[in-house]
Amino acid sequence: MLDAFLEMMAAERGSARHTLDAYRRDLADFRAFLGKRGRMLATAGGDDIRAYLAQLAGAGLMPSTTARRLAAIRQYYRFLFLEGRRGDDPTTHIDTPKQGRRLPRLLEEEEIEALIAAAKAKDGPGSLRLVALLELFYATGLRVSELAGLPLSALAPDRSVLTVRGKGDKERMVPIGGPARVALAAWLGVRPYYVTEPSRQRWLFPSRARSGHLTRQRVAQLLKALAPEAGLDASRLSPHVLRHAFASHLVANGADLRSVQAMLGHADIATTQIYTHVQTERLAAVVADHHPLARPQGGQPAPILKRHKGDPE
C-alpha cells in the first residue's frame with residue numbers, strides 16, 4: 001500500500017520527487033518502529049503513533065522534524081481511509097508537536113553584492129553560470145529545485161519574465177529585473193559549452209547529471225565554495241537563505257505581502273508573513289541602538305533582541 005500511496009501523491013497531488021522520497025523515508029522509519037512492536041503499518045493505531053512520536057522526542061529530534069514525519073503518517077492513513085482500506089483514521093486525535101516560530105537566517109544587501117562580485121571575479125563559463133544563478137535567486141526568490149530545473153522555454157523571449165512550475169504543479173509568473181537579465185544574456189552566450197548531449201538542450205542550466213540539469217545539491221555546493229571568497233561564513237549560505245534575502249529585502253523596501261506571496265509561490269499568506277516579523281525585529285534593534293529613551297543610564301545602547309536562528313520549512 002505504500003507504493004500505491006506514493007503513486008497517488010505523485011499523480012493527484014503533483015508532489016515533487018524529493019517530497020516523495022521524504023515521505024518514503026519517514027514512513028519506512030515508522031514501519032521499522034512498528035515492526036519492533038510486532039505491529040504492521042496498515043493496521044497501526046493511535047497508541048502506536050503516540051509511542052512513535054514519544055520515541056522521536058526522547059531521541060532529541062527537533063519538533064519540526066517530528067511534525068514532518070507526523071504529516072507523512074497523516075497523509076498515509078487519510079489515503080487508506082478514503083480508499084476504503086481502513087474504517088478509521090488513527091491520526092484524527094493526534095496533536096501536532098508545538099513549534100516555536102523561527103525567523104529565517106538573513107544576508108544583508110551588502111553581503112549579496114559581495115557574493116555576486118566574488119562570482120564575477122572568477123574566470124570562464126562557470127563564472128557566468130554562477131553569476132546568472134545568483135542574480136536569478138536574488139531577483140526571483142525561486143526555490144532551488146525550481147531554479148535548477150528550469151526549462152529553457154520558461155524564459156520569455158524578451159527575458160523579462162519566468163514561467164515557473166512550483167509545488168503542487170502550480171504555475172506562476174515571476175518578473176526578472178535588469179541585472180538578472182544582463183547576467184542571463186551573458187550566460188546564454190556560453191551555455192552551449194555545457195550542452196554535451198541533445199537531451200540536455202531543453203534546460204536553462206544543463207549539466208552532466210542524470211537529470212540533464214543542475215541538481216539542488218550541486219547548486220548548494222557552488223554557493224558554499226563561493227562564500228569564503230565573498231568574506232562570508234559558508235554555514236550562513238544556502239539556496240534557501242538567498243530566497244529569504246529576496247523576500248525580506250523586498251518587504252524592507254516597501255513591497256506588499258500579496259505581491260511577495262505571489263512571487264514566492266506560497267499557497268497561504270501566513271507563510272509569507274514571517275518576513276514582517278523579520279522586519280519588526282530589525283526595527284526593534286534600530287530603536288534599541290539609537291533612540292535616546294531606549295538608552296540606560298551611562299549612555300550605552302540597550303540590549304538588542306537576539307534573532308532566532310534557523311530556516312522555516
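In the largest nonpolar core, which has 43 residues, the members that touch the most others are Leu115, Leu134, Leu136, Leu162, Phe205 and Leu242. Such a core is a set of buried Ala, Val, Leu, Ile, Met, Phe, Trp, Tyr and Cys residues joined through side-chain atoms within 4.5 Å, and buried means under 20% relative accessible area with a 1.4 Å probe, protein chains only. Please keep in mind that this is a predicted model, in which local features need pLDDT of at least 70 and side-chain atom pairs count only at pLDDT 80 or more, while totals for chains, interfaces and linings use all residues. Residues are numbered from 1 along each chain as its sequence is written, and side-chain values use heavy atoms, leaving out hydrogens and water.

- Leu242 touches Leu107, Ile112, Leu115, Leu134, Phe137, Leu223 and Leu237, leaving aside residues up to four places away in sequence; contact here means heavy atoms within 4.5 Å.
- A second, separate core has 25 residues, including Met8, Ala44, Ile49 and Ile94.

**The hairpin**

- Strand 1 (residues 161-165) and strand 2 (residues 171-175) run antiparallel and are joined by 5 bridges; strands pair if DSSP finds at least two bridges between them.
- Between the two strands of this hairpin lie 5 residues, and Gly168 in the turn has a positive phi of about 65°.
- Thr163 stands opposite Met173 in strand 2.
- On strand 1, Leu162 and Val164 make up the covered face, whereas Val161, Thr163 and Arg165 make up the uncovered one.
- In a regular strand the side chains alternate between the two faces of the sheet.

**Helix 11**

- Leu257, Val260, Gln261, Met263 and Leu264 are buried in helix 11 (residues 257-264).
- Seen down the axis, the buried residues of helix 11 fall within an arc of 165°, so they line one face of the helix; the arc is that of the directions from the helix axis to the C-beta atoms.

**The whole chain**

- The chain has 13 helices and 2 strands, taken as DSSP runs (helices H or I, at least four residues; strands E, at least two) and numbered from the N terminus.
- Of its 313 residues, 43% count as buried.

Conventions
Buried means under 20% relative accessible area, exposed over 50%, partly exposed in between (1.4 Å probe, protein chains only).
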